[in-house]
Amino acid sequence: MKKFYSFGADRFGCTDTEKTFSSLVIAGDKLYLSGMNGFDLDGNFHGESDPGAQAEQACDNILKLLEENDLPITSLCRMRVYVTNRDYRTAVYGAIGEKFAGTSVSSTGLTVKALPLSGMLMQIDVEAHIE
């Protein structure tokens, strides 16, 4: 199993600085991306109070990580989209639709009470098949 783009738990206010998370894991013929949101891959947050802008950043992260792992956008097979307010769905899915136009991905959308940081309004997890 390979792990990429690990970051410290302190990003989410955890005081145990020895804990790390990985946004990307490759296990067998699957690539898993979790927690794609308004943070870019350098740890800068984009889209304060703007779920559409956060979704655009999340999609840019996904596209970049697929490219870095030599995977086409068509390798995406599963997507989970989390929003903290049902009204954000239009902006979030609008951004997803623009960035992933022409792809067919099994998707589940969930409205959740909260995400790890108060400014986070949405988050995307994806799975891709590696051939």
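Which residue forms a salt bridge with lysine 99, and how far apart are the closest N and O atoms? Point 4 takes this up.

1. Overall make-up. This is a predicted model. The protein has 2 helices and 6 strands, and from the N terminus on they follow the order β-β-β-α-β-α-β-β. Of its 131 residues, 37% count as buried. The protein exposes about 7,300 Å², and carbon and sulfur atoms supply 46% of that area. Among contacts between residues at least 6 apart in sequence, 68% join residues at least 24 apart.

2. The core. The largest nonpolar core holds 24 residues, and Leu31, Leu33, Ile62, Ile96 and Ile124 touch the most other members. Two or more residues each come from strands E2 (20–27), E3 (30–36), E4 (76–83) and E6 (122–129) and from helices H1 (51–68) and H2 (89–99). H1 gives the largest share, 6 residues.

3. A buried loop residue. Serine 75 sits in the loop between H1 and E4. Its relative accessible area is 8%, so serine 75 is buried, the cut-off being under 20%. Beyond its neighbours within four places in sequence, serine 75 is in contact with Leu66, Glu127, Ala128 and His129.

4. The whole structure contains 3 salt bridges. In one of them, lysine 99 pairs with aspartate 60, and the closest N and O atoms are 2.6 Å apart. Lysine 99 belongs to helix H2 and aspartate 60 to helix H1, so the pair ties together parts 39 residues apart in sequence. Both residues are partly exposed, lysine 99 at 28% relative accessible area and aspartate 60 at 32%.

5. Glutamate 68 and lysine 64 form a salt bridge through their side chains, at 3.7 Å from N to O. Both lie in helix H1, 4 residues apart, which is about one turn of the helix. Glutamate 68 has a relative accessible area of 41% and is partly exposed; lysine 64, at 42%, is partly exposed as well.

6. The bridge between strands. The side chains of glutamate 127 and arginine 80 meet at 3.3 Å, N to O, in a salt bridge. Glutamate 127 is in strand E6 and arginine 80 in strand E4, so this pair links distant parts of the chain, 47 residues apart.

Methods. Residues are numbered from 1 along each chain as its sequence is written. This is a predicted model: local features need pLDDT of at least 70, side-chain atom pairs count only at pLDDT 80 or more; totals for chains, interfaces and linings use all residues. Side-chain values use heavy atoms; hydrogens and water are left out. Buried means under 20% relative accessible area, exposed over 50%, partly exposed in between (1.4 Å probe, protein chains only). Contact means heavy atoms within 4.5 Å. Accessible areas come from the Shrake-Rupley method with a 1.4 Å probe; for residues, only the protein chains shown count as cover. A nonpolar core is a set of buried Ala, Val, Leu, Ile, Met, Phe, Trp, Tyr and Cys residues joined through side-chain atoms within 4.5 Å. A salt bridge is a side-chain nitrogen of Lys or Arg within 4 Å of a carboxyl oxygen of Asp or Glu.
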